[in-house]
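Here is my note on this structure. Keep the sequence and the 3D view open as you read the points.

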Amino acid sequence: MQVILPAREVTDSGKRAHMAIMQEESHRRGRRASRKREGRGGILEADDARAQAAFRLSSEPDGRFSGRRQTKEGQARKVHDAAQRLAAIVESSNDAIIGKDLNGIVTSWNPAAEQMFGYRAEEMFGESIRRIIPPEVLPDEERLMSAVARGERTEHYETLRRKRDGECIEVSLTLSPVFYRSEIVGVASIARDISQQKKVEQALNTSEKLAAVGRLAATIAHEINNPLEAITNLVFLAQGHTKDGDGELFLKQAQQELERVALLTKQTLGFYRESKGARELTLEEIVLPLVAAFSARSRLKQVSVETEFRQNPTIVGVPGEMRQLFANLLNNSIDAVKDGGRIRIRVSATRERSGRRRSGVRLTISDNGPGIAPELRKKLFDPFFTTKRELGTGLGLWITSNILCKHEGNIRMRSSVVPRKTWTAFSVFLPERLEAVASAA
Ligand SMILES: Nc1ncnc2c1ncn2[C@@H]1O[C@H](COP(=O)(O)OP(=O)(O)OP(=O)(O)O)[C@@H](O)[C@H]1O
Ligand SMILES: [Mg+2]
């Protein structure tokens, strides 16, 4: 084990903690050097200037050690071998093993610590451990250190550490006191990076929530369907029984709204049921009825929705999922714009700009809403990310990206938050053919 100990920077207790290792290291180096220089039968003295530890090793001129000396040498070898084994364990450990004195000054730092936190051992020796502790967890750290200074051991304590690049990681810590001649001189800390494990736990949690939301939505949609059909029929019958002009108009409008609700429940059910059923379709046949279905909402806000079909190529997709995808984007744009805002939907035949350069269709939906702040852009497609508080579930774009993934497509977002020139554009690419379907056929 290479021990680097800049005496100038390390405190007394830290030095004492290392002295035993240094002496052992010095012993080993001296012995190796002695054999090299003097051969088997020599007598020599080796000095380690850094540790100031001297040792004397002697053997008989025939190269064999005398009985008493042989025992001493045997013991020294045993100690040395044990130290070597320990050093090898520390060196090759996947956990960061860090030694520090009672003031939190780093006295040892293994390769896993270098890897985990991004600081080299030479950079950390003599430095305070606070360098890798985020300020918000510092009081906890001080509490733990005083417990260890009293001789207590802490196991699997979950906390945060900060890497050199500023990223915070979650670690599980085990802290134990280090004794030298029955006095506590420092703390040995073993840190395991559990960020990945935490992410998996979170993802599991989220997918459980999503499954529950899915079941709930499907159940509600299913339950709404029956009374909805009854109301639609009743409104239709009532239309034939009214002679009043206004009454007829109101009933007609009520019927249109009911059709919209029916479409929504079908989509909700369809989204969960329609996992198969990809067929040839055009975006025009999906988008135009959608814009019509949203017309009541956009009229209410006096939002203009313009559509432009430059080309209208045929692609392969699951119709219900396609409706869901574009409904999510259109809904977001209508939510985003102010009263009197503008939304444009443009569809054209295209080729992918990079990668496989597949041919397909691109739909761009742009609005002159407030734009999306740069710091929020990374999270847009995360489940449950919403800025609409209780008005949004934060699932729209997540569902959209899942549908796109299934359809081997992709989505790009551009946005401007420059005052008076704010806008957002989501651009969706869908390939002409699905490779998964083609390879399954
Ligand atoms: N066109 C847009 N303009 C401005 N912000 C947008 C736009 N589209 C999406 N966003 C932002 O992205 C967030 C996430 O959108 P997403 O559709 O996933 O969820 P949501 O609309 O909040 O809720 P819901 O589940 O009801 O769709 C929104 O809360 C909003 O902040
Ligand atoms: Mg949404």
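1. Met-413 stands opposite Phe-426 in E14. Please bear in mind throughout that this is a predicted model.

2. Stay with the hairpin for its turn. Between the strands E13 and E14 there are 6 residues. Arg-420 takes a positive phi there, near 65 degrees.

3. Now turn to the open sheet. Its 5 strands follow the order E4-E3-E7-E6-E5, and the pairing is antiparallel. Which strands are at the edges? They are strand E4 (106-109) and strand E5 (154-162), each of which pairs on one side only. From one strand to the next, the twist averages 30 degrees. As background, strands of a sheet pair through backbone hydrogen bonds, either parallel or antiparallel.

4. Take a closer look at E5. This strand is joined by 7 bridges to strand E6 (residues 168-180), and the two run antiparallel. Thr-159 stands opposite Val-171 in E6. Helix H5 (residues 138-149) lies across E5, E6 and strand E7 (183-193). The helix H5 runs at about 145 degrees to E5.

5. Next, a pair of helices. Helix H8 (residues 283-293) packs against helix H10 (residues 319-336) at an angle of about 50 degrees. Their axes are 10 Å apart.

6. Which residues of H8 and H10 make the contact? H8 brings Ile-286, Val-287 and Leu-290. H10 brings Pro-319, Met-322, Arg-323, Phe-326, Ala-327 and Leu-330. By class, this contact has 8 nonpolar residues, 1 charged residue and no polar ones.

7. Last, ligand 1. Of the 20 residues around ligand 1, those that come nearest are Ala-336, Thr-386, Gly-392, Gly-396 and Leu-397. H10 and helix H12 (396-406) each supply at least two residues of the shell. H10 gives the most, with 4 residues. By class, the shell around ligand 1 has 7 nonpolar, 11 polar and 2 charged residues.

Methods
Residues numbered from 1 in each chain as written. Chains lettered and ligands numbered in written order. Predicted model: local features only at pLDDT ≥ 70, side-chain atom pairs only at ≥ 80, totals over all residues. Axes fitted to C-alpha atoms, helices over the stretch in contact; angles between N-to-C directions. Contact = placed C-beta atoms within 7 Å. Nonpolar A, V, L, I, M, F, W, Y, C, P; charged D, E, K, R; others polar. Near = placed C-beta within 6 Å. Pairing = 2+ DSSP bridges.
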